[in-house]
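Here are a few notes for your review of this model. Please read them with the coordinates open.

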Amino acid sequence: MKVGVLTGGGDAPGLNSAIRAVVKKCEQYGFEAVGIKRGWAGLLELDTTELKYEEIKNIIHRGGTFLKTSRTNPLKISGGIEKASQNFKKLGLDALIAIGGDDTLGVAAALSKAGLNVVGIPKTIDHDVPETEFTIGFDTAVNQAMRLIENLQDTAASHDRVFVVEIMGRHAGWIALYSGIAAGADLILIPEEPFSIKELTDFVKKKIEKEGGQSVVIVVAEGAVITDYKGPIKKDATIDQFGHVRLGGIGEFLAKEIQEATGAETRSAVPAHAIRGGPPTALDRFVSTRLGLAAVDLIKEGKFGYMVALRCGEIVSVPLAKATGRTKTVSKELYEEAKVFFK
Ligand code: F6P
């Protein structure tokens with residue numbers, strides 16, 4: 001049995017642990033493991049590498065993905081799915097493990113529909129893949145964002161300044177919500193809960209009046225929606241093969257609005273990709289290892305077209321078709337719960 005493994009989309013801490021587990025389990029079952037480099041680009045271009053556990057066993061603590069990644073989308077390339085299917089056969093693969101978020105897993109679902117033996121593992125710092133309580137990289141990103149917000153609270157308090165911290169999160173505010181709550185942010189703005197500039201500036205004014213000082217720290221997800229601005233606020237006009245615009249700038253935009261409306265000295269900070277790199281947390285290492293092992297088990301059972309997932313501490317499998325094509329967002333109830341702190 002020859003098993004391919006690839007990582008697609010944005011990198012995430014914990015990917016190396018998952019690959020390492022896949023290779024270990026393959027060796028246990030006597031399967032041959034082959035790494036497909038740069039996500040789907042590697043399958044289209046036959047860019048592969050041999051994987052031996054002895055050579056990669058020491059990568060569990062390293063961030064990023066040593067297989068490299070890309071946002072190449074075979075569905076957007078003419079004949080892409082056919083080419084991917086042909087190359088799957090050319091490589092002599094019996095099965096392929098795709099580790100990624102909705103984009104990568106969406107391609108995996110399409111390939112599975114086209115008849116290939118594919119299994120998925122959920123990865124994204126954004127945490128927005130449905131049907132699983134865990135996505136590789138989220139825990140590390142949240143912890144790193146939390147520490148950066150705490151650092152900014154120190155400098156905000158020392159200078160009596162307002163800070164707007166812009167955190168990654170395109171359609172879902174999971175990282176902003178978790179890290180903001182964990183750091184004790186004064187306000188958290190997420191894509192799921194649109195707000196107006198007036199609501200925001202009134203909040204800051206009230207906070208300053210009530211507490212005397214001007215030290216207010218606001219966390220905003222990059223994809224947050226401003227009702228009175230024809231958004232989203234973008235970095236530039238680039239659109240990737242999955243149709244995503246490059247977001248960025250909402251923190252700076254809001255900081256200006258706040259300073260203008262309140263007179264409080266306001267700064268913005270953008271940790272951006274810095275929360276996506278670095279060594280994975282123990283949780284990311286542990287669960288991604290379990291997911292990697294379980295993916296190979298699915299292959300051994302001949303159960304294809306599924307994604308391994310975490311639910312109530314158990315590793316389960318869900319059809320790729322059910323886990324893709326939609327975004328897991330923060331519920332109204334959860335945001336309401338958090339709102340008790342936004343006073
Ligand atoms: O991987 C998800 C993500 O980190 C999003 O939160 C963010 O919008 C996007 O990737 C950034 O993409 P890129 O790495 O292509 O700039």
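Is Val-340 buried or exposed? Val-340 counts as exposed, because its relative accessibility is 53%. The classes are buried (under 20% relative accessible area), exposed (over 50%) and partly exposed (in between), with a 1.4 Å probe and protein chains only.

1. Basis. The model is predicted: local features need pLDDT of at least 70, side-chain atom pairs count only at pLDDT 80 or more, and totals for chains, interfaces and linings use all residues. Residues are numbered from 1 along each chain as its sequence is written, and side-chain values use heavy atoms, with hydrogens and water left out.

2. Helix packing. Helix α1 (residues 15-29) packs against helix α10 (residues 282-301). Their axes are 7 Å apart, at an angle of about 40°. The pair is therefore oblique; that class takes what is left after roughly parallel (under 35 degrees), roughly antiparallel (over 145) and roughly perpendicular (65 to 115). Helices here are DSSP runs (H or I, at least four residues), and strands are E runs of at least two, numbered from the N terminus.

3. Positive phi at His-127. Phi is near 65° in this non-glycine residue. His-127 sits in the loop between β5 (118-122) and α6 (138-159). His-127 counts as buried, because its relative accessibility is 5%.

4. Positive phi at Ala-272. Here phi is near 45°, again in a residue other than glycine. The loop between β11 (266-269) and α10 holds Ala-272. With a relative accessible area of 25%, Ala-272 is partly exposed. Most residues other than glycine have a negative phi.

5. Location of Val-340. Val-340 lies in the segment after α12 (332-338).

Note on methods
Axes are lines fitted to C-alpha atoms, for helices over the stretch in contact, and angles run from 0 to 180 degrees between N-to-C directions.
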